[in-house]
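The following dialogue is intended for a reader who is new to this structure. Please look over the sequence and the model before reading on.

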Amino acid sequence: MVSLKTSKELSDMKLACQISAQALKLAGELIRPGVSTAHVNKLVHEFIVAQGAKPNFLHLYGFPAACCISVNNELIHGIPSSRIIQEGDIVSVDVGAQINGFNGDNAATFAAGQVSQEAAQLMEVTKECLARAIAAAQPGNRLGDIGYAVQSYAESFGYGVVRDYVGHGVGRELHEPPEVPNYGKPGRGLRLLPGMTLAIEPMINQKGAAVKTIEDGTVLTASGSLCAHFEHTIAITTEGPIILTKA
């Protein structure tokens, strides 16, 4: 059942989303060649706790860290480790915080030093997919309008739109109904209503939509190509969508 938040609940949820946004911003500032993904996770974890919140990814479905850090052809669920970020890597960070009984969730892909033109374009297109999806999240529209906004733009560049993983509702639980696919047909699916809070997260592969999961749970592109991931938590209001995780 989809939860519609009251104005009071939205106000309470904003704090979790703002801490999440600041944690993601910190991660982006830390990502550079020569830094380990474990170091990024450690400082982000410490930041979230210092705000009086808790990292909502930690121990979720057994995940062992505060944030997912996925490099190059790793799409999501990358586990922070001693791995050293290299010049030219693109690094996706997915992180959230919980406080006052509510959750925030956001993600972005960052460049480590100078990246290839192909990588830069993939990141820019995926970021634009998110912007277009949010613009489509108008009250009265449907989930298919959000998915179509992502799919039509990404596929116009020949990229693959991941089907195996989707966005989701978010609120008192990190993952709530409804699912928010990054593909679909305009005018189809659940109607968007004021009070809905959604984590919209385009996940785009350079080549093909297929993914695979390795033993530790990290999800990679099946083709071995690069991938990018951007996410915001938004609220749908009578005036239109509001980005709750805007730093």
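**Reading selected features**

Q: Which backbone nitrogen does the side chain of aspartate 145 reach?
A: A polar contact is a pair of N or O atoms within 3.5 Å; within protein, one must be able to donate a hydrogen and the other to accept it, and residues adjacent in sequence count only if both atoms are side-chain atoms. Here the side chain of aspartate 145 reaches the backbone nitrogen of glycine 187 at 3.0 Å. The model is predicted, with local features needing pLDDT of at least 70 and side-chain atom pairs pLDDT 80 or more, while totals for chains, interfaces and linings use all residues. Residues are numbered from 1 along each chain as its sequence is written, and side-chain values use heavy atoms, leaving out hydrogens and water.

Q: Is aspartate 145 buried or exposed?
A: Buried means under 20% relative accessible area, exposed over 50%, and partly exposed in between (1.4 Å probe, protein chains only). Aspartate 145 is buried and belongs to helix 4, residues 143-155; helices (H or I, at least four residues) and strands (E, at least two) are DSSP runs, numbered from the N terminus. Aspartate 145 has no salt bridge, a term for a side-chain nitrogen of Lys or Arg within 4 Å of a carboxyl oxygen of Asp or Glu. Its nearest side chain of opposite charge, arginine 142, is 6.4 Å away; Lys and Arg count as positive and Asp and Glu as negative, with His and the chain ends not counted.

Q: What is the phi of asparagine 72, and where does asparagine 72 lie?
A: Asparagine 72 has a positive phi of about 60°, although it is not a glycine. The residue lies in the loop between strand 2 (67-71) and strand 3 (74-76), and is buried, with a relative accessible area of 18%.

Q: What is phi for asparagine 100, and is the residue buried or exposed?
A: Phi of asparagine 100 is near 55°, again a positive value in a residue other than glycine. Asparagine 100 is placed in the loop between strand 5 (97-99) and strand 6 (102-103). With 53% relative accessibility, asparagine 100 counts as exposed.

Q: Which form does the peptide bond from proline 177 to proline 178 take?
A: That peptide bond is cis, with omega near 5°. Proline 178 is in strand 10.
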